[in-house]
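Have the sequence and the 3D view open as you read.

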Amino acid sequence: ERSLPIPGPLRNVSIAGAARLTGTSVAISDLRLSVDGNAYEGAMVFDADRPRPMLSGTLAAENLDTSPFTTDAPRLIEADGDWGRVRFPQFAFTPLDVDLRLSATRTRLGRAQLRDAAFSLRSEPGQVAVSLEQARAWNGTLKAQVALQTIASGYAMRATTQLTRVDAAAMLAEMFRTPRLSGEMNGEIALTSEGDTLGRVLRGLSGHARLNVRNGDVSGLDLEQALRRLEKRPLTVASEVRSGRTGFNGVDLDLKVEKGNAIVQKLQARGAGVEFEVKGAIDVPERGLDLTLEARQATTTAEAGASGPWLSMYIRGLWNEPELTLDARSLISRSQAAEPLLRGLAPPAAAKP
């Protein structure tokens with residue numbers, strides 16, 4: 001056994017085990033591997049009797065902390081608030097093919113805490129793929145994969161994520177510190193892009209996101225209460241809608257992403273007291289929102305043709321500090337005193353011939 005100082009992200013590696021040598025391969029059993037404080041057990045094989053030598057193995061860890069592997073990663077946000085402009089390091093893909101499998105009882109992956117995670121690492125000429133085959137997270141399950149391929153402009157990237165029965169509030173609280181949405185989340189996200197900096201990758205994003213959330217609520221927005229008060233005090237709704245919660249039975253989201261612009265194909269929610277729909281787009285590179293939300297009191301099938309209270313608002317600005325502005329028409333139309341103002345906003349009638 002011997003400790004090996006290795007440059008780059010991996011600075012402290014030691015390996016021990018029983019090795020069996022042949023003319024073209026080395027097999028290590030009873031392997032005990034330590035990498036930057038992470039301890040693994042398992043077996044590995046180096047096979048040179050192939051067109052390209054291969055390193056394969058199966059490892060297991062009780063606790064896995066991925067932070068040592070990202071200590072030299074470029075910063076996500078620059079000092080001026082823009083996305084990272086530092087070029088990604090050019091990985092020198094080894095002349096080896098790699099096929100490694102890793103399981104961990106507890107894993108720290110960024111801010112996420114995973115249980116019973118299974119990973120795989122595959123490397124071939126000019127490309128590498130890291131997969132989270134499955135893990136328990138936020139009371140549900142998570143799968144993900146990131147694949148990189150070297151190209152003239154940097155890297156071509158493909159990323160996919162699948163969420164099954166995930167607690168949305170727990171996930172948002174842990175990952176983004178903003179648990180404004182609760183409920184059981186299911187869905188998938190698939191994105192592709194290319195570039196040599198984070199900013200260029202985000203500006204080239206394309207793909208889709210399809211998610212649904214069941215039996216939850218949105219905090220900081222009380223649409224149900226606002227609609228109830230709209231009949232009696234329409235002009236005070238603007239100050240009342242920004243508090244409380246809006247409950248729902250289900251939310252369905254379908255985003256289409258084109259060159260960093262996430263276009264809302266569908267975002268609809270329905271609850272016992274309110275139903276609402278959101279249209280617009282999210283500018284990922286600029287971190288901007290340009291959305292319109294329209295809410296109305298939930299109706300039964302028998303009431304489907306009825307005209308009930310409705311409320312329209314705009315959500316614009318940076319996504320960490322969005323501005324919520326109510327559409328004056330949806331307020332004025334409910335106020336008898338202000339109704340003449342609404343008529344004054346209407347376009348003049350066309351002249352009769």
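## The nonpolar core

The largest nonpolar core has 65 residues. Those with the most contacts inside it are Tyr40, Leu114, Leu223, Val241, Leu293, Leu311 and Met313. The model is predicted.

Take Val241 as an example. Leaving aside residues up to four places away in sequence, Val241 touches Gly220, Leu221, Asp222, Leu223, Ala226, Leu311, Met313, Leu324 and Leu326.

## Helix 3

Helix 3 spans residues 223-230. Its buried residues are Leu223, Ala226, Leu227 and Leu230. They lie on the same side of helix 3, because they cover an arc of only 100° around the axis. In an α-helix, residues three or four places apart point the same way, because each turn takes 3.6 residues.

Now look at the start of helix 3. There, a side-chain oxygen of Asp222 comes to within 3.0 Å of the backbone nitrogen of Gln225.

## Rings and charges

The whole structure holds zero aromatic pairs. Charges do sit over rings, however. The charged end of Arg287 is over the ring of Trp83, 5.0 Å from its centre. Arg316 lies over the face of Tyr314, at 4.4 Å from the ring centre.

## Two positive phi angles

Most residues other than glycine have a negative phi. Asp116 has a positive phi of about 50°. Asp116 belongs to strand 7, residues 112-124. Asp116 is partly exposed, at 42% relative accessible area.

Trp138 also has a positive phi, near 50°. Trp138 sits in the loop between strand 8 (127-137) and strand 9 (140-151). Is Trp138 buried or exposed? Trp138 is buried, with a relative accessible area of 13%.

Conventions:
Residues numbered from 1 in each chain as written. Predicted model: local features only at pLDDT ≥ 70, side-chain atom pairs only at ≥ 80, totals over all residues. Heavy atoms only, no water. Buried < 20%, exposed > 50% of the residue type's maximum accessible area, 1.4 Å probe, protein only. Helix = DSSP H or I, 4+ residues; strand = E, 2+ residues; numbered from the N terminus. Arc of directions from axis to C-beta. Polar contact = N/O pair within 3.5 Å; in protein donor to acceptor, adjacent residues only side chain to side chain. Core = buried A, V, L, I, M, F, W, Y, C linked by side-chain atoms within 4.5 Å. Contact = heavy atoms within 4.5 Å. Phe/Tyr/Trp six-rings, centres within 6.5 Å; stacked < 30°, edge-to-face > 60°. Lys NZ or Arg CZ within 6 Å of the ring centre and 35° of its normal.
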